[in-house]
Amino acid sequence: MNVLKEVLKHQVYPAMGCTEPVSVALCGAYAAQLLGQAPAKAVFRLDPGTYKNGCGVRIPNTDGEKGNLLAAAMGLLIARPDLQMEILSGADKALVARAKELVAQGKVRLEVAPEKHCFYIEASVEGANGAKAACVIEGSHTEVVYLAKDGQTLKDTRKKEEKTACCAFKDALKKATLADLIAWAEAADADDLAYIKKGVEMNLKAAEMGQALQKVGFYIKELVRKKLLQMDLISSTKILTACAADARMDGQSVPVMSSGESGNQGVVTILVPWKVGKEMEVPEETILKSIALSHLLNGYVKVFTGELAPICGCAIAAGVGATAAIVYQQRGGNIPAITLAINNIISDIGGMLCDGAKSGCALKVVSSTDAAIRAAFMGMHDYGITEVEGFVGRSAEETIQNLGSISTVGMSAVDPMIVDIMQEKTANK
């Protein structure tokens with residue numbers, strides 16, 4: 001199995017809008033298509049992380065409307081699962097108005113499924129004549145594991161032994177060493193590099209669109225204009241990544257190339273090493289291979305921390321990938337230097353919380369960008385935080401695994417607490 005190709009296939013793909021509400025819309029589209037008629041009512045059940053991530057983020061093609069609920073209704077009406085993670089590109093003003101009407105009439109409901117501890121979306125729909133259909137997406141944003149119509153099961157791959165094959169690359173990632181990840185990145189072929197370059201171009205376009213918004217990227221530029229920051233490599237890279245995240249979180253109708261099934265992670269994983277590499281005059285093939293390593297490391301971190309973790313993936317998981325990529329550009333597969341860089345960034349921002357996708361994610365993207373460049377610079381000069389400090393391990397792999405234990409075990413009550421806060425705010429509106 002070529003793990004890089006599997007990661008690029010399953011975790012690095014174009015997505016328009018925050019990937020959680022988009023996946024909710026996709027699940028609804030599968031169920032509605034199966035129903036074969038306009039749904040009269042629908043119930044969606046989401047794991048706490050998916051609920052959290054889609055609660056406050058703007059939805060593309062809606063003039064700034066937010067949340068999973070509207071995305072669910074839009075997916076039901078679009079009913080085109082073939083669009084996959086660009087499904088919301090199929091919306092227009094008339095469809096959005098119909099979706100809002102469904103929501104206002106209480107015909108589409110959302111429930112949290114607290115017993116689900118991995119990525120999970122379930123859509124149960126019913127037509128006016130009593131016909132019923134259901135879809136479950138589980139494990140990843142596009143993995144349909146269950147389809148049923150009028151009580152007849154059409155697909156069910158929820159059994160653990162059947163799911164293992166489709167997630168084999170994650171098993172391989174979990175067993176990998178840093179040396180393995182470097183070797184897989186260096187073996188990237190022309191097709192891999194062309195696809196990675198496509199992701200660069202997509203995310204640069206999103207950043208260009210974000211330049212027009214008066215959001216996080218704008219205010220960093222203002223700090224430069226007021227001479228409170230210098231326009232240097234770090235500031236220019238922060239502006240670039242902030243503007244791309246601003247465009248996404250503002251619901252702009254522009255796709256980005258994701259990483260680890262997250263658009264904001266794609267922004268950091270791709271644009272940070274691209275910008276730094278170009279500024280440092282690194283050969284383009286080396287930059288693209290460094291981004292391959294960045295994608296692999298982002299996926300590696302997430303097999304330990306969880307797909308939708310209590311900690312911020314766009315900052316930490318993607319930041320780990322980006323900092324390693326920068327060191328790789330300058331020192332090749334120097335494992336001690338890359339290890340120091342990874343230890344540095346995790347020691348720095350490893351505790352950053354995820355409280356769902358929203359405009360504030362651009363601030364976390366900026367922090368990750370800054371930390372990734374700083375951590376890489378120290379690592380490539382053989383300085384870094386070592387195992388005698390905190391939860392840093394004796395290797396990069398051990399540090400990441402320790403972070404995973406903190407995320408999945410030590411912080412297990414964080415997501416339910418954040419969801420409770422979100423639901424309380426919604427109830428008090």
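**Charges, rings and strands**

Me: How far apart are the closest N and O atoms in the salt bridge of Glu307 with Lys302?

Reply: A salt bridge here takes a side-chain nitrogen of Lys or Arg within 4 Å of a carboxyl oxygen of Asp or Glu. Glu307 and Lys302 form one in this model, and their closest N and O atoms are separated by 4.0 Å.

Me: Before we go on, what kind of model is this?

Reply: Residues are numbered from 1 along each chain as its sequence is written, and side-chain values use heavy atoms, with hydrogens and water left out. Local features need pLDDT of at least 70, side-chain atom pairs count only at pLDDT 80 or more, and totals for chains, interfaces and linings use all residues, the model being predicted.

Me: Which side chain does Lys302 join in a polar contact of 3.1 Å?

Reply: Leaving out residues up to four places away in sequence, Lys302 touches Gly260, Gln265, Glu307 and Ala317, where contact means heavy atoms within 4.5 Å. A polar contact is a pair of N or O atoms within 3.5 Å; within protein, one must be able to donate a hydrogen and the other to accept it, and residues adjacent in sequence count only if both are side-chain atoms. At 3.1 Å, the side chain that meets Lys302 this way is that of Gln265.

Me: How many salt bridges does the rule count?

Reply: Asp355 and Lys358 make one, with closest N and O atoms 2.7 Å apart. Glu398 and Arg394 make another at 3.0 Å, N to O. Shared partners also link Arg45, Arg109, Glu111, Glu115 and Glu122 into one network. By this rule, the count of salt bridges is 27.

Me: Which kind of aromatic pair do Tyr300 and Phe304 form?

Reply: Rings of Phe, Tyr and Trp (its six-membered ring) pair if their centres lie within 6.5 Å; planes under 30 degrees apart are stacked, over 60 edge-to-face, the rest tilted. Tyr300 and Phe304 are four residues apart in H13, so about one helical turn separates them, and both are buried. Their centres are 5.1 Å apart and their planes at 70°, which makes the pair edge-to-face.

Me: What angle lies between the planes of Phe218 and Tyr219?

Reply: The search of the whole structure turns up two aromatic pairs. Phe218 is partly exposed at 24%, and Tyr219 is partly exposed at 45%. Their rings are edge-to-face, 4.9 Å centre to centre, with the planes at 90°.

Me: How many of the eleven residues of helix H4 (residues 68–78) are buried?

Reply: The cover over the buried residues of H4 includes helix H2 (19–35), strand E2 (39–46), helix H3 (48–54), helix H5 (93–104), E3 and strand E4 (120–127). Among those buried are Asn68, Met74 and Ile78. H4 is largely enclosed by the rest of the structure, because its buried residues number ten.

Me: Which are the edge strands of the open sheet?

Reply: Six strands run in the order E3-E2-E4-E5-E6-E7, with mixed pairing; two strands pair if DSSP finds at least two bridges between them. Strand E5 (residues 132–138) and E6, for example, pair in the antiparallel sense over five bridges, and Ile137 stands opposite Val144 in E6. Pairing on one side only marks the edges, strand E3 (108–112) and E7.

Notes: Helix = DSSP H or I, 4+ residues; strand = E, 2+ residues; numbered from the N terminus. Buried < 20%, exposed > 50% of the residue type's maximum accessible area, 1.4 Å probe, protein only.
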